[in-house]
Amino acid sequence: MNEPTRSAGPYSRFQMRALAVTSAVLSVVIIVWGLILAAQGDSRGGKAVAIGVAVVLVLVVAIPYGVRKGRL
């Protein structure tokens, strides 16, 4: 009922939420892919896991911030 009136610039709230969900899903895919590569002994697996975890950490901070600011 008490919806914030701030906009997300040129993007709608739906587009911003879709971007957040897509980023979250892709980061999970990268983590799983990295774990599979690491289990096979590929050195790139650890790097992929690190990138996926970094994206998750950014999203953990950015999504609540966007909700609080009324952009998501």
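The axes of helix α1 (residues 13-39) and helix α2 (residues 44-69) come within 7 Å and cross at roughly 155 degrees. This is a predicted model, in which local features need pLDDT of at least 70, side-chain atom pairs count only at pLDDT 80 or more, and totals for chains, interfaces and linings use all residues. Residues are numbered from 1 along each chain as its sequence is written, and side-chain values use heavy atoms, with hydrogens and water left out.

**Arrangement of the helices**
- Axes are lines fitted to C-alpha atoms, for helices over the stretch in contact, with angles from 0 to 180 degrees between N-to-C directions.
- Helices are DSSP runs (H or I, at least four residues), numbered from the N terminus.
- Helices α1 and α2 are therefore roughly antiparallel to each other (an angle over 145 degrees).

**The contact**
- Contact (heavy atoms within 4.5 Å) is made by residues including A20, S23, A24 and S27 of α1 and G45, G46, A48 and V49 of α2.
- By class, the contact of α1 with α2 has 14 nonpolar, six polar and no charged residues. Ala, Val, Leu, Ile, Met, Phe, Trp, Tyr, Cys and Pro count as nonpolar, Asp, Glu, Lys and Arg as charged, and the others, Gly among them, as polar.

**Buried residues of α1**
- A20, S27, I31, G34 and L37 are buried in α1 (under 20% relative accessible area, 1.4 Å probe, protein chains only).
- These buried residues pack against α2.
- S27 has a relative accessible area of 2% and is therefore buried.
- Beyond its neighbours within four places in sequence, S27 is in contact with G52, V55, V56 and L59.

Key
Helix = DSSP H or I, 4+ residues; strand = E, 2+ residues; numbered from the N terminus. Parallel < 35°, antiparallel > 145°, perpendicular 65-115°, else oblique. Buried < 20%, exposed > 50% of the residue type's maximum accessible area, 1.4 Å probe, protein only.
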